Structures are given as C-alpha cells and as structure tokens.
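Work through the exercises below with the model open. Each task is followed by a stepwise solution.

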Amino acid sequence: MNLIPLVAIWAVMAVAVLALAVIRMMSASHEDDTIHLREGDAGVIRQQDAYASRIAWMDRWGKTLTIVTVAYGLVLVGVYFYQLWMESTRVIAQ
C-alpha cells in the first residue's frame with residue numbers, strides 16, 4: 001500500500017491547523033480586553049460579544065481539527081509499522 005497520498009492528506013490537515021492557529025493569534029491581537037459597563041458603550045459591548053463568539057468558533061474548530069489531525073497521524077504511523085512488520089515476516093523464496 002502506498003502511503004504517500006495518505007501522508008499528503010495529513011500534511012494538508014497539519015498546515016490547516018497551523019494556519020488556523022496563526023489566524024486566531026492575529027485576530028486575538030486586535031481584541032479589546034477592556035470591560036465596558038456604561039450604557040453609552042452598548043455598541044462596543046455588542047462588538048466585543050461578536051468578537052468573542054468568533055474567537056470561540058475558531059477555538060472550537062482548531063481543537064477539533066487538531067484532534068483529528070493527531071489521530072489520523074497516529075493511525076498512519078500504526079499502518080506504516082504494520083506494513084514494516086508484515087514485510088519483515090514475509091518468507092523470501094530462493
């Protein structure tokens with residue numbers, strides 16, 4: 001079994017995880033951490049709420065994609081070692 005296409009899929013998933021982490025980090029750097037309590041700040045409060053929900057969405061997808069990528073990578077490693085084991089137990093006819 002050729003593992004190159006499966007490893008390529010894993011690499012794309014790993015790059016997606018890294019890209020999502022960079023996007024999240026860049027987005028969080030522009031976050032307003034100040035707590036706004038005055039009635040005049042209602043617009044800012046709504047913006048902060050929308051921003052927080054967007055960051056939470058990125059966190060949820062980032063965690064999910066990271067778990068899937070790690071699990072997929074571990075399965076690939078298992079398949080690779082299984083192939084090595086099967087190859088080493090094969091009898092060579094002379």
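A salt bridge here is a side-chain nitrogen of Lys or Arg within 4 Å of a carboxyl oxygen of Asp or Glu. The model is predicted.

**Exercise 1.** Find how many salt bridges the whole structure holds. Then place the one that involves Arg-24.

Solution.
- Step 1. The search of the whole structure returns 2 salt bridges.
- Step 2. Arg-24 pairs with Asp-59, N to O at 2.5 Å.
- Step 3. Arg-24 sits in helix α1 (residues 4-28) and Asp-59 in helix α2 (residues 42-89). They are 35 residues apart, so the pair links distant parts of the chain.
- Step 4. Arg-24 has 27% relative accessibility and is partly exposed. Asp-59 also counts as partly exposed, at 27%.

**Exercise 2.** Classify Arg-90 as buried or exposed, and do the accessibility step for its salt-bridge partner.

Solution.
- Step 1. The partner is Glu-87, with the closest N and O atoms 2.8 Å apart.
- Step 2. Exposed means over 50% relative accessible area. Arg-90 has 54%, so Arg-90 is exposed.
- Step 3. Glu-87 has 46% and counts as partly exposed.

**Exercise 3.** Determine the geometry of the aromatic pairs Trp-57 with Trp-61 and Tyr-80 with Phe-81.

Solution.
- Step 1. The whole structure has 3 aromatic pairs. One of them joins Trp-57 and Trp-61, 6.4 Å centre to centre with 55° between the planes; this pair is tilted.
- Step 2. Both Trp residues lie in helix α2, 4 residues apart, about one turn of the helix.
- Step 3. Tyr-80 and Phe-81 have ring centres 5.6 Å apart and planes at 65°, so the pair is edge-to-face.
- Step 4. Tyr-80 is partly exposed at 43% relative accessibility.

Technical notes: Residues are numbered from 1 along each chain as its sequence is written. This is a predicted model: local features need pLDDT of at least 70, side-chain atom pairs count only at pLDDT 80 or more; totals for chains, interfaces and linings use all residues. Side-chain values use heavy atoms; hydrogens and water are left out. Helices (H or I, at least four residues) and strands (E, at least two) are DSSP runs, numbered from the N terminus. Buried means under 20% relative accessible area, exposed over 50%, partly exposed in between (1.4 Å probe, protein chains only). Rings of Phe, Tyr and Trp (its six-membered ring) pair if their centres lie within 6.5 Å; planes under 30 degrees apart count as stacked, over 60 as edge-to-face and the rest as tilted.
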